[in-house]
Amino acid sequence: MRHPPRRRATVLTAAVVAAVVAGVLGLLQAYLSRPFWYDEIWRAHVVSEPARSLWAELAVANTPSALGWFGLTRLCGEAFGWHSWALRLPGFAAVPLLGAAMVIVARRFTGIAAAVLAAGWVCLNSTFLDLATQLKPYAVETLAATAILALWMVDSSATAVGAGNLSPRRLERGRLARRAGAGVLALFAVPGIFLIVALAAVDLRRGPARRWRLLECSPALVLAGLHTVIFVAHQSSQRNGSYWDRQFIAGRGPLAALRFVVDQVRLTLTGSPPGIDRFDPSLVHGSLPTGPFGPAAAVLLALVVAGAGGLGARILARRPDGRLLLAALGGAELMMLAASAGRYWPFGPTRTNLFVVPMVIVVVLVGVERATQWLSLALRRQSPGKAPQVDAEGLSTSDPALPPRSLVFIRSLSVFSPRLTAGTGPAGLALVVVALLALVGSGTLLAANSLAGSRLVWDHRDRMRGLDLMVDAAITTRRIAGPGDLVAVGGRLARPGWLYAMEASADGPRDPSHLPPARGGDPARGTGPVAGAAGSAGSAGATDAAAAVVAQGSSRTGQVGRPPRIARADTIFFGGSTAPLAAQITSRPTPPRHLLVFVFDIELRDLTGQLTALTRSGWCPARTWTFRLTGTLTTYNHCSPGAATTAVTGAIASEPGRAVAAAR
């Protein structure tokens, strides 16, 4: 049982760690208000989608979102406005709370220093910070998973999980409430079901009070199960794609499957911290300062992490709460592997599996701490005049500096390496010193690897990744669109971003000077040239018709600086499996007066044929605005069929190369 001073020290340390992590995030506050890029803006669209069409949009979401994260993010948008900073708030707030939760969980098994190191290793890792500062659910999911584990551990006592009999044969309301709380937390994490099932399996493993334990676990199992089957499974469209194929065990033969598992374990061990994403190329990743040692350093670190993890697992297996942690970690990994066989969940060190990283870190640091304590004791024993006396039970009676709990673990560690504890003389001393230096050096390399991308995280505060200027494109369209005009958006990947930017976003443009002016100027959003630096004319025919379109758009604004949003009924999407653009326009009951066509730059080359067909059907380009790493917006007017086919083909053909080069 914990003593109050130990509990107070843990709480104080957790608060200090949370404050320090919050301070680091304060330095990165520029990430809050930067424009959404593609990996974020589609989530913003799904979160902001009207209730009448929400369920249908969830069915085609790129990847599933948890109901709790979804609701929390939507609440921030409704409460603070649909700004990028408002939607990113949950992820930002989760990081300091995760630091505090890491201290509380790790402190059950380690000293204060190791618990602080565990929190810092996760929360200050450059890859994790890159993820947490984006509109993504992974920081919230990691916090929820750690909190679930902490809640479940409240009841893990020496007479509980260790004996398989959690309490007398009756229902305990406190445990029921904590299990229900864990079930609610599972609603904030898509992979929450993996933890809940694994932890419940430990409760139900054996014992005469099994039916009471089942009743206590039922709220968590029901909540997590319904959430997964109804809400998460509805968002499983991406399993039919190929994006995660590299992380699925599905479709592999026995040898290939074994090689796949071994490779993923190796990648997990060589990550820093172990298990941090090694899949997403768009993230900031640490780089190991190998120096003259080359790949040997990576191999050494993998061996150190594996050895420390094995040692930590051996030590944790001697404790009931340690066995609970190991069961949660091992059970979650096994279920993720099984889900990957059905193409439901990627396996290995990917951002989707970030929720297990805190558990991996605790296991590794338990082994590191115990090994360090043991080596320190062995060094003292072999130093003249400083050797502690060891009684028949293997416990020191003359070294009050080491707490009894540590010495109990040291005695168990002597089983692994009796020579170091029993050996004396220069050889034994040298071996202990070398082992300590190797451990410290490995820790230094791991820390350097974990923080290696920190400079990039800082430097990339204003980096453009793709679709960053979608809001600018939508505002430009709103300013120049007139009554009877039709907006066409090309590119399968552009659809969700366009819908959010056009229908929900309350953000202003990233670069107001590149937008066309509204009537009478637009002090709030900025006034600038119609094309100029924002783009180039699509052809030499930047005619008076384009100016007329601008004037018509100005007449619809109603209020200076606030042009109306364009209804979805006046917008069509083309590309992918949708009908060709020209066919969609022809099938409309009322022909549009003008066309405003936006094309996502990455997909422009694939859509060139549809744009050429558009000119053959009697539409001529008038003016084009280019939004770097986002796309092009072109106004089209009626003309004689085929009048500008040659000019348009040449203009369009020049764009894909420029877009691809910019993306690279």
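What covers the buried residues of H4? The cover includes helix H3 (38–48), helix H5 (67–80), helix H12 (210–232) and H22, where cover is a matter of contact, that is, heavy atoms within 4.5 Å. Helices here are DSSP runs (H or I, at least four residues), numbered from the N terminus. This is a predicted model, in which local features need pLDDT of at least 70 and side-chain atom pairs count only at pLDDT 80 or more, while totals for chains, interfaces and linings use all residues. Residues are numbered from 1 along each chain as its sequence is written, and side-chain values use heavy atoms, with hydrogens and water left out.

As for H4 itself, Ser-53, Leu-54, Glu-57 and Leu-58 are buried; buried means under 20% relative accessible area, exposed over 50%, and partly exposed in between (1.4 Å probe, protein chains only). These four sit on the same side of H4, because they cover an arc of only 140° around the axis, the arc being that of the directions from the helix axis to the C-beta atoms. Arg-52 and Ala-56, on the other side of H4, are exposed.

Glu-57 also ties H4 to a distant stretch of the chain. Its partner in a salt bridge is Arg-495, with the closest N and O atoms 2.9 Å apart; the term asks for a side-chain nitrogen of Lys or Arg within 4 Å of a carboxyl oxygen of Asp or Glu. Glu-57 belongs to helix H4 (residues 51–58) and Arg-495 to helix H22 (residues 494–503), so the two are 438 residues apart. Glu-57 has a relative accessible area of 8% and is therefore buried, whereas Arg-495, at 26%, counts as partly exposed.

The salt bridges number 15 in total. Among them is Arg-175 with Glu-172, at 3.6 Å from N to O, and both of these residues are buried. This pair is part of a network of salt bridges that links Glu-172, Arg-175, Arg-213 and Glu-216. Asp-321 and Arg-319 meet at 3.0 Å, and they too are both buried.

Turning to the rings, there are 10 aromatic pairs. Rings of Phe, Tyr and Trp (its six-membered ring) pair if their centres lie within 6.5 Å; planes under 30 degrees apart count as stacked, over 60 as edge-to-face and the rest as tilted. Tyr-243 and Trp-244 are edge-to-face, because their planes stand at 90°, with ring centres 5.2 Å apart. Tyr-243 is partly exposed at 41%, while Trp-244 is buried at 6%. Elsewhere, Phe-194, Trp-345 and Phe-355 make up one aromatic cluster.

Finally, the nonpolar interior. A nonpolar core is a set of buried Ala, Val, Leu, Ile, Met, Phe, Trp, Tyr and Cys residues joined through side-chain atoms within 4.5 Å. The largest has 141 residues, and Trp-152, Leu-325 and Trp-498 have the most contacts inside it. Helix H16 (residues 357–381) gives the most to this core, with 13 residues. Leaving aside residues up to four places away in sequence, Trp-498 touches several residues, including Met-470, Val-487, Phe-573 and Phe-598. Another core, of 15 residues, lies apart from it and has Leu-486, Phe-574, Ile-585 and Leu-614 among its members.
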